[in-house]
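Please work through the following exercises with the sequence and the 3D structure at hand. Each task is followed by a solution in steps.

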Number of protein chains: 2
Amino acid sequence: MNLKQLSKELGLSISSVSKALSNSPEISEATKKKVLSKAKEFNYQANPFASNLRNKKSKTIAVIIPEIANNFFSLAINGVESYAQRKNYHVLIYQTHEDLQKEVSVAKHLMNGRVDGVIISISRQTSNTEHLEALEHKGIPVVYFDRVNENNHSPKVITNDYESAFLGTEHLLQKGCTKIAFLSFSKLLFISTNRLKGYSDALKKAGIKKDTSLIVQCDNDKIANKKLIHKLLTSAGKPDAVFACVEELAISTYEICEEIDIKIPKNIKVMSFSNLQTASILRPSLTSITQPAYEMGREAAEMLFNLIDKNVHNNLQAEMLLPSTLIIRNSTKGNSSGFAGSL
Amino acid sequence: MNLKQLSKELGLSISSVSKALSNSPEISEATKKKVLSKAKEFNYQANPFASNLRNKKSKTIAVIIPEIANNFFSLAINGVESYAQRKNYHVLIYQTHEDLQKEVSVAKHLMNGRVDGVIISISRQTSNTEHLEALEHKGIPVVYFDRVNENNHSPKVITNDYESAFLGTEHLLQKGCTKIAFLSFSKLLFISTNRLKGYSDALKKAGIKKDTSLIVQCDNDKIANKKLIHKLLTSAGKPDAVFACVEELAISTYEICEEIDIKIPKNIKVMSFSNLQTASILRPSLTSITQPAYEMGREAAEMLFNLIDKNVHNNLQAEMLLPSTLIIRNSTKGNSSGFAGSL
DNA sequence: CTGTTAGCGCTTTCAG
DNA sequence: CTGAAAGCGCTAACAG
């Protein structure tokens, strides 16, 4: 069923029907009503390709992420989708699997106007973003989230690592912890240094002097990390709390505590930046600082639609800093209500 | 840059350029070469909407799932995407959030030819599938996976619950367990009854007579379930292994064992159907039977493309029964290499 | 082997 | 207020 058939059915011209359907003021209310009802009767729906071709609008946005099977990114997509749906937009998903080549090829594929805008979290391999800037030059706005390139001044949505670490540390202090260890990650990553700074400043504010033996510099070598954590927890001046910079280090801490019989949370408190919803469910005693994935996706979508709607190539540096959320669980009640797994 | 401009640039007609680009045998190799190189030079890409309008093909498929932020479904999408990419197809994602109304509305939206085919896992509320059958009648093939309607004889991909439970139980028997409890779920669900039957038959085959006190009928009430499990584990004839029908019951079992100081896996073995990759990572001693989400998605995509390519409205009942995978971990080594979380 | 032309289904200007 | 007609960019039948 297309416009031609529908107009024949109604005894009207194609153009009148088209106008009636788009609620043009040129058409009388009476005919509009007739058209609408016939359209409903025949279940008429405009062919999107014809409309898109005419309008040079695709009513579609793309989300490019490293991996969809990742709680953080899938929640983010959720946020994007909820906003897109409100705008009557469709969402195309592309995964890069952390491969720069793939990311470049996806970006190239999107140069043809298939989408009106792009939301992206770049791959680990991505150090320059020319392929994405090319999209912007073509008039296709791009909004970055979470994984952003520090050198790129496009609109982006990230969380406030510094503040989150600061507040997290204050939380531990309030709980009476005085010897708080910090498990740091790669010094090259901004997230790592920002989080460490938040921790340090909170201690400073509380008048606790820096104890470098409590700051453990970890890296990508999991085994080595575990040894470092083991050493920390068995040392003379062992901490009463551990603040892990990334989730993986918190998990390692749990495993070591189990091995050497340190009780969590009785003898030690564990706090961590953590995106994996399930970590805090299966380890109910973990206090986690979680990036608001859903909100980040939603925020990114809102930014993107602002750019699309204004149809302006916005060169302003729009940077959204969302706060992370502190998730504190009652450690006596294991709550697994967050499960959403298929049976 | 479009065909018109490109052909002007080359001093050829639009149609010749079009044919050259689609590698038509009507065009000489020499001109093809010229055209290709100019196209590359100007970074020409066909406008997908114009092509789609002409060809009545969208080169796009839709995946409709209850929730994207779910390990099982996101892995399945991964599988779909990998196959689609090979076919040069794009993937549109729609979530129903377990809402039938949403599912119906998405299905209606897809009636306009925006996609060439649909892969779906139906919502919990969905008891009839008219809205999806309507798509099939329009010539848009639909493949179901995991959550399928038993009354619908369309192509589908599901796992073999019976066989998986049978093999899982045999595994426990081989490990020397003799008193294996089974935590059953809603009697109304096929998955539940099929899994129970697999368990029973494995015991029967091993010559172990049925002990109904070891079969615990659980349901949607988490608190009540926990009480039942507690009773089971503190009873006189307590089991040496627990086979949970769904993951949630396994998690509850862990929590109770911790409370009443039963050692896992030393004093009791726990096995469960489980899709949450992280469950077996954070509970390394859990032996899980996992649905091959990725493979299911991939298989569904393959089925769908067979239907699309043949362009046949296939009424044959194509049902794919994939085996589930038994994941056995070395319980002494906590392996968390599966983490893929964003930092 | 190359070019002309019609038309996919829709929107929109312009004329009535 | 309604209709005729052009054209979005591409493909393919047909003519040369």
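**Exercise 1.** Determine how many nonpolar, polar and charged residues the surface near DNA strand C has.

*Solution.* Step 1. Step 2. Ala, Val, Leu, Ile, Met, Phe, Trp, Tyr, Cys and Pro count as nonpolar, Asp, Glu, Lys and Arg as charged, and the others, Gly among them, as polar. Step 3. The surface near DNA strand C has nine nonpolar, twelve polar and four charged residues. Step 4. Two or more residues each are given by α2 (14-21) and α4 (48-55) of chain A and by α2 (14-21) and α4 (48-55) of chain B. The largest share, five residues, is that of α4(A).

The model is predicted: local features need pLDDT of at least 70 and side-chain atom pairs pLDDT 80 or more, whereas totals for chains, interfaces and linings use all residues. Residues are numbered from 1 along each chain as its sequence is written, while chains are lettered from A and ligands numbered from 1 in the order in which they are written.

**Exercise 2.** Identify the buried residues of helix α7 (residues 130-137) of chain A, and explain why they are on the same side.

*Solution.* Step 1. Helices (H or I, at least four residues) and strands (E, at least two) are DSSP runs, numbered from the N terminus. Step 2. A residue is buried if 20 or more other C-beta atoms lie within 10 Å of its own, exposed if 12 or fewer, and partly exposed in between, with C-beta atoms placed from the backbone. Step 3. In α7(A), A:Leu132, A:Leu135 and A:Glu136 are buried. They are on the same side of the helix because they cover an arc of only 100° around the axis, taken from the directions from the helix axis to the C-beta atoms. Step 4. A:Glu130 and A:His137, on the other side, are exposed.

**Exercise 3.** State which strands of chain B are joined to strand β3 (residues 117-120) by bridges.

*Solution.* Step 1. Two strands pair if DSSP finds at least two bridges between them. Step 2. Strand β1 (residues 60-65) of chain B runs parallel to β3(B), with four bridges; B:Ile61 stands opposite B:Gly117. Step 3. Strand β4 (residues 142-145) of chain B is also parallel to β3(B), with three bridges; B:Ile120 has B:Tyr144 as its bridge partner.
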